[in-house]
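Student: I would like a close look at a single part of this structure. Please take me through it step by step.

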Amino acid sequence: MHKVQRRPPPRRQAVGSWTLTALAAALALLALTVPSRLDQLTPGVLLRLPIEALALLGVAVVLPSRLARTRTTLAVTAGLVLGVGAVLRLLDVGLFEVLNRPFDLLIDWRYAGALVETTHDSVGVGTGNVLLLGAALVAFALVVLLPLAVLRVVRVADRHRRPVSRVVVVLVCLWLALAVLDVRAGPRPMASADAARYLADQVDRLSGELDEMRRFDRDVARDPLERVDPREALAGLRGKDVLVVFVESFGRVAVEGASFSPRINRVLDSGTRRLADAGFESRSAFMTSPTFGALSWLAHATLQSGLWVDRQPLYDRLVETRRLTLTRLFGRAGWRTVLDVPANTRGWPEGRFYGADQLYDSRNVGYEGPRFGYPPMPDQYTLDAFHRLELAREDRPPVMAEIDLITSHAPWSRTPRMVDQAEVGDGSIFDGMPETLPSEGDIWPSPTRVRAAYATSVEYSLEAFITFMTTYGDDDLVVVLVGDHQPATIVSGRDAGRDVPVSFIARDSAVLDRIEHWGWRQGLRPPSDAPVWPMHAFRDRFVAAFDRSEQTGSVALSIR
């Protein structure tokens with residue numbers, strides 16, 4: 001006896017079909033109207049009317065029924081474009097939260113490897129892989145589901161041509177009225193054309209890439225410092241040890257405008273007094289960094305090369321050239337040159353561009369202590385090891401070094417505690433400390449805790465630096481202390497700008513006299529009205545200040 005299969009009632013089938021169609025339409029509408037910034041993601045997004053959806057429905061009902069294959073191809077293609085666009089917009093949201101800029105299709109895919117490594121270093125391999133896999137699955141689902149959603153909507157429109165045509169005409173008229181009257185849902189117009197505009201922006205960015213590369217190549221070749229004698233150009237620093245110390249994520253927000261700024265300012269003001277007691281004077285200002293939230297190497301290359309390096313392709317281009325860096329210039333003038341990059345855990349071929357005699361990283365400074373999340377070692381150890389390996393050596397030439405302090409690198413968890421400087425040793429004194437400190441899981445559920453943790457990490461980096469100066473500094477030490485970029489948007493806030501503090505520190509009054517014309521302010525804390533330089537101007541202005549002929553004016557440098 002054959003079993004008769006029961007079918008659901010026609011009405012239930014129809015309700016389920018229309019529900020699925022409504023969900024498909026809602027997904028497509030969200031993909032067309034979702035903003036590129038988290039602060040714009042408001043309920044008003046649901047009240048917007050995208051012209052792209054009306055255009056697609058219009059084409060679907062105009063095409064004759066016999067062109068079903070063409071209609072299917074059109075729907076799937078539109079869905080794929082919409083899916084890719086939705087993924088790019090989600091990437092925009094992420095980058096605005098970190099770098100305060102949108103995702104750049106030409107550039108940012110190159111950071112995939114760095115993103116994986118940073119995630120693993122910050123939250124561990126297991127948790128990091130879960131987060132990365134989740135993000136990949138969301139992207140894959142959008143690229144798969146949106147073509148299916150658009151195809152379903154188009155097929156339903158084809159089966160109901162007459163009513164859909166009328167609805168499209170009414171909605172087009174409504175869209176025109178909303179556009180003319182500039183009716184808004186929150187900050188954004190209800191008559192939406194975001195998807196089309198987004199694609200147009202991507203095309204414009206692609207078309208401008210070649211022009212930017214050609215301009216940059218011309219700037220690389222026109223180096224005013226190639227015409228100067230390095231020994232003459234740096235004569236005002238003869239016999240001095242010169243350190244350029246970058247503090248990770250030390251931005252203007254650290255010293256003004258944030259709830260935590262008073263905490264950091266107390267450290268800077270106390271540090272100014274401690275340095276003065278040790279015989280040092282300091283002058284401070286601001287510089288505008290080429291990057292925001294991350295990509296520190298762009299800032300380092302900008303300050304060292306005298307070129308505005310705000311994108312990875314420019315950096316890749318630059319490191320293949322012989323552009324005269326500050327490190328290379330000091331080397332030509334007789335200094336021993338050093339790069340101290342503790343974040344590096346493997347070879348760094350691009351480092352050859354700087355022309356340093358010695359490269360230190362996490363593998364060759366003798367550290368035997370624990371890792372503190374992303375940073376392989378505390379800043380206090382980095383500075384102490386640099387003194388031991390370089391400054392404490394007898395019968396040595398003067399040293400010029402770039403030193404990168406990375407404890408204040410995101411995610412600002414497990415910030416070390418200072419230990420007695422005499423006990424730093426090989427770093428084993430830090431054993432067991434990371435386990436007693438707040439982890440990412442303790443910090444990141446709360447933006448308030450994230451900001452507090454950022455402040456704690458910057459306080460630590462500054463304290464480690466000031467202790468280094470007061471412990472080991474002498475009459476022949478000259479230091480430029482500078483932030484590389486502002487912290488991520490969750491700390492800096494939106495549209496915070498790219499300014500970072502910079503300080504010049506020395507004991508020798510003759511050295512300080514040479515920079516008086518800069519107008520920088522006394523102390524480690526720059527006031528809000530302190531001068532602001534573009535970071536790429538520092539190299540040439542620094543060299544001009546210490547050129548032997550600066551007082552006679554016989555050498556003219558191109559100061560941009």
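Student: How many residues does α13 have, and how far does α13 reach from its first C-alpha to its last?

Tutor: The model is predicted. In it, α13 has 13 residues and reaches 17 Å from its first C-alpha to its last. That is close to the 18 Å expected at 1.5 Å a residue.

Next comes the setting of the helix. Because 11 of its 13 residues are buried, α13 is largely enclosed by the rest of the structure. Among the buried residues are D379, Y381, L383, F386 and H387.

T382 lies in α13 and is buried, with a relative accessible area of 2%; the cut-off for buried is under 20%. Beyond its neighbours within four places in sequence, T382 is in contact with D340, P342, M377, I403, D404 and L405.

The largest nonpolar core has 58 residues, and L243, F250, I264, Y454, F465, M469 and I505 touch the most other members. α13 supplies at least two residues of this core, as do β5, β9 and α15, among others. The most comes from α15, which gives 11 residues. In soluble globular proteins, nonpolar side chains tend to be buried together.

Notes
Residues are numbered from 1 along each chain as its sequence is written. This is a predicted model: local features need pLDDT of at least 70, side-chain atom pairs count only at pLDDT 80 or more; totals for chains, interfaces and linings use all residues. Side-chain values use heavy atoms; hydrogens and water are left out. A nonpolar core is a set of buried Ala, Val, Leu, Ile, Met, Phe, Trp, Tyr and Cys residues joined through side-chain atoms within 4.5 Å. Buried means under 20% relative accessible area, exposed over 50%, partly exposed in between (1.4 Å probe, protein chains only). Helices (H or I, at least four residues) and strands (E, at least two) are DSSP runs, numbered from the N terminus. The expected span of a helix is 1.5 Å times one less than its number of residues. Contact means heavy atoms within 4.5 Å.
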